[in-house]
Amino acid sequence: MTFEIKDDSIYFCRAGETGRLSACGENSIRFQASASGKLVEQDWTLMPRKAVANAWIENKGSANEAFIEVGNLRARLEECGRVTYFRNGEEILREQPELTFNMGYRHYKSKDSNLWNLRVTFEAREGEEFYGLGHERMNVFSKKGCTVDLRHLNTKASIPYVYSSLGYGFIWNMPSTGTVELGCNRTRWNSDCAKGMDYVVIGGNPRQVTAELANLTGHAPNMPEWALGFWQSRLRYEDDKTVLQVAEKYRQMGMPLSVIVIDYFHWTEQGDYKFDPEYWKNPKTMADRLHKMGTRLMVSMWPTINENSENYAYMLDNNMLIRTARGSNRVFEFYGSQAEIDPMNPQTREYVWKKLKENYFDNGVDCMWFDEAEPEIHPQDFDNLVFYEGTGDEVALLYPYYYEKMVYDGMKSEGMEDVVTLSRCAYLGSQKFGAVVWSGDVASTFESLTEQVKSGLNMAMCGIPWWNTDIGGFYGGDITSDYFKELIVRWFQYGVFCPVMRLHGSRLGADRSRDIKEPTGGDNEIWSFGENNLSILSDLVRLRYRLVPYIKKHMDIASKTGAPVMRPLFFDYPDDKKCYHIGDEYMFGSDILFAPITKQGQVLRKVYLPEGSWILTKDGCVYTGGQEYEVTAKLSEFIAFVRAGSDVLAVFNE
């Protein structure tokens with residue numbers, strides 16, 4: 001192997017590989033390598049950053065070693081090819097050889113035309129825990145011991161990033177499909193298709209690493225105060241009359257309503273991006289009346305399109321749709337075979353935004369809901385997809401990023417300041433486009449609620465501070481059953497302490513309205529679940545609005561520093577080892593600790609309190625931190641503690 005120090009970076013060349021280690025930002029080092037003989041610069045979603053670096057070569061007798069130091073992080077490149085990383089002088093990450101003699105640390109298998117299937121392996125470390133990788137339907141907090149697919153699906157947003165309990169973050173800076181193995185025998189990152197290997201190591205405690213992650217991938221905007229209230233949605237409002245009736249009933253009850261959401265099949269055809277005039281007589285009048293009530297209007301769009309759409313021929317002829325390497329471009333079956341738009345193409349983004357502005361925003365719509373944002377395809381043959389930026393197995397994880405960028409850029413170009421979109425998927429950097437990510441079409445079960453708590457915390461560690469779930473779950477909820485009436489209360493309590501509080505779902509157990517293209521679900525408003533629940537849910541909505549100033553303060557902090565509002569205990573208590581194993585309670589901002597109840601019939605649960613003095617909101621009792629307690633909460637109660645001395649305690653006593 002040969003080393004060269006140039007531009008404060010280490011350049012190296014060895015048989016079958018050329019690479020570089022360089023400063024990526026403060027306390028972060030970027031590793032890039034290629035088997036093609038040249039480095040291919042693909043920043044993907046990384047933001048330009050400058051940092052002071054120091055690189056040098058040391059003679060170790062028979063072999064040389066190269067070093068680069070950036071802030072608290074140092075990397076050592078040995079002549080055999082192995083890279084080791086140190087934080088403040090302590091080893092945190094080291095490549096593991098797969099072979100005995102030629103010391104293969106990184107492996108490349110040729111696919112075609114300088115595209116490679118590749119992997120890198122690191123040593124497993126006893127006691128190390130990993131968090132991140134987006135959200136997924138798995139009842140797991142620490143991802144240690146898991147093998148996770150890197151691909152987007154409904155209920156699965158793959159963000160190739162982890163935070164390690166050893167004090168570093170790891171960005172797999174390749175939007176390709178693949179897998180990550182966080183096993184007891186090794187840690188291995190696999191890419192199905194890439195031009196080269198690219199990853200970033202960030203040194204620091206959770207707060208430091210999250211701040212640098214935001215610097216590297218983008219900061220979330222300041223969330224507007226109106227978005228922090230209560231959002232009402234269901235599957236589905238079928239006409240403007242129904243929407244206004246629901247909003248008016250909330251108003252008559254004296255219940256604030258920040259956002260009401262119009263779901264799918266309000267359009268004339270998939271891919272038309274406009275209201276069906278048969279059922280939506282005057283969208284502008286509807287929006288104006290909602291605005292007078294203090295309610296914003298959100299409307300769903302899908303990326304699906306077929307030949308019946310007025311936009312199909314033009315978009316097809318101008319390569320604005322996802323193409324396929326084999327067979328038809330119809331990659332999704334839903335009320336007929338559907339193609340999908342390709343927002344990676346800037347022409348697509350410009351064209352679709354023009355339609356959205358003309359048909360929605362000019363008619364008073366305030367924000368868009370990006371459903372199917374993975375996009376959803378069947379079967380999941382990503383290597384068969386052809387995008388503007390490359391084949392699906394090389395770039396598919398970028399899809400939601402450009403989908404969200406489409407409306408963000410469009411709204412900004414029109415001078416619209418409050419950009420808020422609801423998206424079913426995300427990628428590194430999605431946060432800078434004002435994307436509120438939700439966990440997809442999860443089941444209406446207590447098991448699902450349990451999973452959501454852990455999913456939200458892992459998403460928070462990926463630099464996505466705006467996140468939520470369908471309160472009550474999306475499918476299978478019978479609003480007449482005792483099971484669901486209990487579930488909706490417990491999920492509502494959880495929703496109060498989520499970054500965004502949004503009620504949505506396809507409900508059973510009620511008379512369905514007339515069938516318009518797609519059947520509507522049962523009622524899903526706070527008065528739909530019985531009189532007893534109405535009183536409980538109303539109190540929770542009012543509490544949410546009293547919490548808005550507190551949440552707004554922490555949302556502004558999230559925008560500035562990257563620190564998420566909803567975060568694991570270890571984020572604020574990185575030296576408390578117990579906190580790295582607790583994924584069923586969390587901090588909501590700096591002063592509230594929330595412990596949701598997620599089991600049917602449960603009225604008692606254990607709660608661990610970190611150091612300090614804590615006050616239980618429901619009775620004012622004071623608890624000493626550093627130990628575990630059993631706390632009761634009947635159905636009308638929830639378990640939240642406030643740090644002693646915090647002003648937010650008064651909100652719970654009003």
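This is a predicted model: local features need pLDDT of at least 70, side-chain atom pairs count only at pLDDT 80 or more; totals for chains, interfaces and linings use all residues.
Trainee: Which residues make the contact between them?

Mentor: From α8 they include Phe446, Leu449 and Val453, and from α9 they include Tyr483, Leu487 and Trp491. By class, this contact has 7 nonpolar, 2 polar and 3 charged residues.

Trainee: What makes α2 and α3 roughly parallel?

Mentor: Helix α2 (residues 240–252) and helix α3 (residues 283–292) cross at roughly 5°, and their axes come within 10 Å. The cut-off is under 35 degrees, so α2 counts as roughly parallel to α3. On the α2 side the contact is made by Asp240, Val243, Leu244 and Ala247, and on the α3 side by Met286, Arg289 and Leu290. These residues divide into 5 nonpolar, no polar and 2 charged.

Trainee: How do you know that the span of α10 is close to the expected one?

Mentor: Compare two values. Helix α10 (residues 531–561) has 31 residues, and at 1.5 Å a residue 45 Å is expected. From its first C-alpha to its last, α10 reaches 43 Å, which is close to that.

Trainee: Where is the kink in α10?

Mentor: The kink lies at Val548, shortly before Pro549, and is about 50°. Just after α10 comes Gly562, with a positive phi of about 90°.

Trainee: On to strands. How do you know that β1 and β2 pair?

Mentor: Pairing needs at least two bridges, and 5 bridges join β1 (residues 2–6) to β2 (residues 9–14). The two strands run antiparallel, and Phe3 stands opposite Phe12 in β2. Together they form a hairpin with 2 residues between the strands, and Asp7 in the turn has a positive phi of about 55°.

Trainee: What makes β22 and β24 edge strands?

Mentor: They belong to an open sheet of 3 strands in the order β22-β25-β24, paired antiparallel. β22 (304–305) and β24 (332–333) each have a single partner strand, so one side of each is left without a neighbour in the sheet.

Trainee: How many bridges join β24 to β25?

Mentor: There are 2 bridges between β24 and β25 (residues 337–340), and at least two are needed for a pair. Phe332 has Gln338 in β25 as its bridge partner.

Notes. Residues are numbered from 1 along each chain as its sequence is written. Side-chain values use heavy atoms; hydrogens and water are left out. Helices (H or I, at least four residues) and strands (E, at least two) are DSSP runs, numbered from the N terminus. Contact means heavy atoms within 4.5 Å. Ala, Val, Leu, Ile, Met, Phe, Trp, Tyr, Cys and Pro count as nonpolar, Asp, Glu, Lys and Arg as charged, and the others, Gly among them, as polar. The expected span of a helix is 1.5 Å times one less than its number of residues. The bend at a residue is the angle between axes fitted to the seven residues ending there and the seven starting there. Axes are lines fitted to C-alpha atoms, for helices over the stretch in contact, and angles run from 0 to 180 degrees between N-to-C directions. Angles under 35 degrees count as roughly parallel, over 145 as roughly antiparallel, 65 to 115 as roughly perpendicular and the rest as oblique.
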